[in-house]
Amino acid sequence: MTGEKKFRVLIAERNPLVIAALGDMIHRDNRFDLVGSVQAGEAFLEAVSGGEPGFDLAVLGWKLSDMDGSGVLSELQRRNLHARVVIFSNDHDIAILKQCVRLGVQGFCYQFDDPAILFDTLIAVAHGRICIPYVDVSRINDTPLSRLTPRERELLAVLADGWTNLQIATRTGISENTVKYHLKNLYDKLDVRNRAMAVALFASERNRGPHMGPQ
């Protein structure tokens, strides 16, 4: 590797032990040069926005001291900042991976993967490629609400408006028992236990924008 360019890496991670372990691994690999670390998302955003970035790519933990990875990626988009980012997640939740893909991340790997996977991912991203674990891209924009039928979405909307079971039964011409049956099916589909959780999920999805249902 003598004479070849080393890729400058910045670590953004709240856990000092992870930073130390990552830093040691990066230091031992002569393809990379560790230029520093930050523990806060805002500090990372400042590093990206400070004129000519002092790094080529960043290893970004999913949980930072002041925000999570989605907040950092969203802020990069909102501020029109550009950085090559590899998410280094300790959570195997597929929803996190899907969220990162929607937010345009270039690389993604897990903390429990073999270190070689992280370095392969870093090299790929450093060369301008995208490197993420397999995910069904046709289902990237899936949300719990997107799997509801139009009738079920209408039912959820009137729940959010505060309708009681009796009001729903009276206005739709069905019995209260039938309303309860439909609500149970709705809760099962949304993987929630009660009306309050269903309404909270509805509000959360609605606030996220146009991903509530099939387009």
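**Figure 1. Helices H6 and H8 are roughly perpendicular to each other (a term for angles of 65 to 115 degrees).** In this predicted model, the axes of H6 (residues 150-160) and H8 (residues 176-190) come within 11 Å and cross at roughly 100 degrees. Axes here are lines fitted to C-alpha atoms, for helices over the stretch in contact, with angles running from 0 to 180 degrees between N-to-C directions. From H6, the contact (heavy atoms within 4.5 Å) draws on Glu-152, Leu-155, Leu-156 and Leu-159. H8 contributes His-182, Leu-183, Leu-186, Tyr-187, Lys-189 and Leu-190. By class, seven of these residues are nonpolar, one is polar and two are charged; Ala, Val, Leu, Ile, Met, Phe, Trp, Tyr, Cys and Pro count as nonpolar, Asp, Glu, Lys and Arg as charged, and the others, Gly among them, as polar.

**Figure 2. Strands S4 and S5 with helix H4 form a right-handed β-α-β unit.** Right-handed means that, with the strands pointing away from the viewer, the path from the first strand over the helix to the second runs clockwise. S4 spans residues 85-89 and pairs with S5 in the parallel sense over four bridges; pairing requires at least two DSSP bridges. Look for Ile-87, whose bridge partner in S5 is Phe-108.

Figure 3. Leaving aside neighbours within four places in sequence, Ser-89 touches Trp-62, Ile-96, Phe-108, Cys-109, Tyr-110 and Gln-111.

**Figure 4. Ala-126 sits in helix H5 (residues 115-126).** Its relative accessibility is 6%, so Ala-126 counts as buried. Beyond neighbours within four places in sequence, Ala-126 is in contact with Phe-7, Leu-57 and Arg-84. Val-86 lies 40 residues from Ala-126 in sequence, with a C-alpha to C-alpha separation of 9.8 Å.

**Figure 5. The whole chain holds nine helices and five strands.** These are DSSP runs numbered from the N terminus: helices (H or I) of at least four residues, strands (E) of at least two. Their order along the sequence is β-α-β-α-β-α-β-α-β-α-α-α-α-α. Of the 215 residues, 39% are buried.

**Notes.** Residues are numbered from 1 along each chain as its sequence is written. In this predicted model, local features need pLDDT of at least 70 and side-chain atom pairs count only at pLDDT 80 or more, while totals for chains, interfaces and linings use all residues, and side-chain values use heavy atoms, leaving out hydrogens and water.

Methods
Angles under 35 degrees count as roughly parallel, over 145 as roughly antiparallel, 65 to 115 as roughly perpendicular and the rest as oblique. Buried means under 20% relative accessible area, exposed over 50%, partly exposed in between (1.4 Å probe, protein chains only).
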